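Please read the points below with the model open beside you, and check each one by eye as you go.

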Amino acid sequence: MTYRKARLGWGTLAVCGVLLAGCTGGGDGDEAETKGGTGGGVTVASPDSRRESPPELQEADPARQPKTAAQARTLAGKLNAGTELFPTGEVQRAEPYESDPSRWAVLGDDCVWQREPLPDTVLSTLTRHFEVPEAGGKGLVRISTTVTVHRTPELAGWEQAAMLEEAVGCGEQVLSDGERLTGLISLASRWGEGNNLYSEDSLIEMGKCVSEEHGGPYEYWWSQATFGPVTAATSVCGGRGYDQRALMKLVEQALPRMLQRAQEELGRPVEGKSGSASPSAGAGTQEDK
C-alpha cells in the first residue's frame, strides 16, 4: 500500500509532535515569512503551557475555508511563516529554502520515499527548510516546516491516520536522497487526550536519521497536527552534540504557532466549550501523512 503525506522535510520528510499551549503568531514575509503534549512517556512543554486557563476551543468555520488553489496557497504562506516560527535566533534559512509546491512525498511498499504530483484532494502545500549551522563543536541541524491545505477537513484527517500505519509497516524508511530513518515509533493524541488541548489530532514520530553525507545516527523527530482542512508539520534531524531535549528547544514553538494562525484565519469559537472540555470533544478525522 502507498501512503501520501505532507511530510516533505529537507528532502522528502518532515518530523511530528503534539501541540503546545500559549504560542503567538504574527507578521508576514521573512519577518513573518509566510507541542505541550504527552504520549508514550514523551512530554513536550511550551514556555507557558502551565497557564491556568486553557484557551477557548476553536473549530474550523466552513465559510472561511479556501475553495481554490490560489486561496490555499495564500493561506499556506501565512501559516508557514519562516524563521520567526522558532524560539531562538539560531535557526536560519537553508538552501534550497522551499520545496516544489506542486509535488509531495509518497511512501511506497518498499518503504522508499518518492516525490509525486499533488493529488486532487490537496489544494496546496508549502514546505520550507531551515538549519542550525555547525558551531561550538556541535553539528548541523536540519529542520523543515510544512503546511498542507486539503479540500476538506475529512481529507486532512486521513493524512493523520496513515502516518501511524507507516511506522508500523516501515520501521525503517529511505528518503529520496539516500538518507535513512530508523527505529521509528509513532504516537497519537486526539483533542483532550494527554495535554493536547490545541489540536483536533496531534501525532509524533521519533527515531534516528543517518546518511553518508551527514553521518549519524542522530535524533529524529517529526510532529504533525490538524485544524480543519489544514495539516501542519515540523521535522528535525539532529547533529553531533544534540540530544532530543536540545532539538525540541529549537522547534517547540513552530507547530503551535502555525496551528494558532490556522485558527485565526479559519476558526470560530465552539459555543459552550473551552479547552477544559472532555477528551471526546475534539472533532477531526485522520488522513495520510
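1. The side chains of Thr 127 and Thr 146 are joined by a polar contact of 2.7 Å, where a polar contact is a pair of N or O atoms within 3.5 Å, one of which, within protein, must be able to donate a hydrogen and the other to accept it, with residues adjacent in sequence counting only if both atoms are side-chain atoms. Thr 127 belongs to strand β8, which covers residues 122-132; helices (H or I, at least four residues) and strands (E, at least two) are DSSP runs numbered from the N terminus. Thr 127 counts as buried because its relative accessibility is 2%, and the cut-offs are under 20% relative accessible area for buried, over 50% for exposed and in between for partly exposed, with a 1.4 Å probe and protein chains only.

2. A word on the source of these values: this is a predicted model, in which local features need pLDDT of at least 70 and side-chain atom pairs count only at pLDDT 80 or more, while totals for chains, interfaces and linings use all residues. Residues are numbered from 1 along each chain as its sequence is written, and side-chain values use heavy atoms, with hydrogens and water left out.

3. Which side chain does the side chain of Thr 145 meet in a polar contact? The partner is the side chain of Asn 80, at 2.6 Å. Thr 145 sits in strand β9 and is buried, because its relative accessible area is 0%. Not counting residues up to four places away in sequence, Thr 145 touches, among others, Phe 86, Thr 127, Ala 233 and Met 258, contact meaning heavy atoms within 4.5 Å.

4. The largest nonpolar core has 37 residues, and those with the most contacts inside it are Phe 86, Val 141, Ile 143, Val 147 and Val 149. Such a core is a set of buried Ala, Val, Leu, Ile, Met, Phe, Trp, Tyr and Cys residues joined through side-chain atoms within 4.5 Å. Among the elements that give two or more residues to this core are α1 (69-79), β8, β9 (141-150), β13 (215-227) and α4 (254-266), and α4 gives the most, with 6 residues. A second, separate core of 14 residues includes Ala 105, Leu 107, Ala 233 and Cys 237. In soluble globular proteins, nonpolar side chains tend to be buried together.

5. Val 149 deserves a separate look: leaving aside residues up to four places away in sequence, the residues that Val 149 touches include Pro 66, Ala 72, Leu 75, Ala 76 and Val 230.

6. How do the two helices α1 and α4 cross? Their axes come within 9 Å and cross at roughly 135 degrees, the axes being lines fitted to C-alpha atoms, for helices over the stretch in contact, with angles running from 0 to 180 degrees between N-to-C directions. That makes α1 oblique to α4, because angles under 35 degrees count as roughly parallel, over 145 as roughly antiparallel, 65 to 115 as roughly perpendicular and the rest as oblique. Where they meet, Leu 75, Lys 78 and Leu 79 in α1 face Met 258, Arg 261, Ala 262, Glu 265 and Leu 266 in α4.

7. Pro 101 lies in the loop between β5 (92-98) and β6 (103-107) and is partly exposed, with a relative accessible area of 47%. Pro 101 touches Leu 118 and Thr 125, again not counting residues up to four places away in sequence. From C-alpha to C-alpha, Pro 101 and Thr 148 are 9.7 Å apart in space, although 47 residues separate them in sequence.

8. Please also check the backbone. Most residues other than glycine have a negative phi, and most peptide bonds are trans. A cis peptide bond, with omega about 0 degrees, joins Glu 95 and Pro 96, and Pro 96 lies in strand β5. The bond from Gly 216 to Pro 217 is also cis, with omega near 10 degrees, and Pro 217 lies in strand β13. Cys 111, in the loop between β6 and β7 (113-117), has a positive phi near 65 degrees and is buried, with a relative accessible area of 13%.
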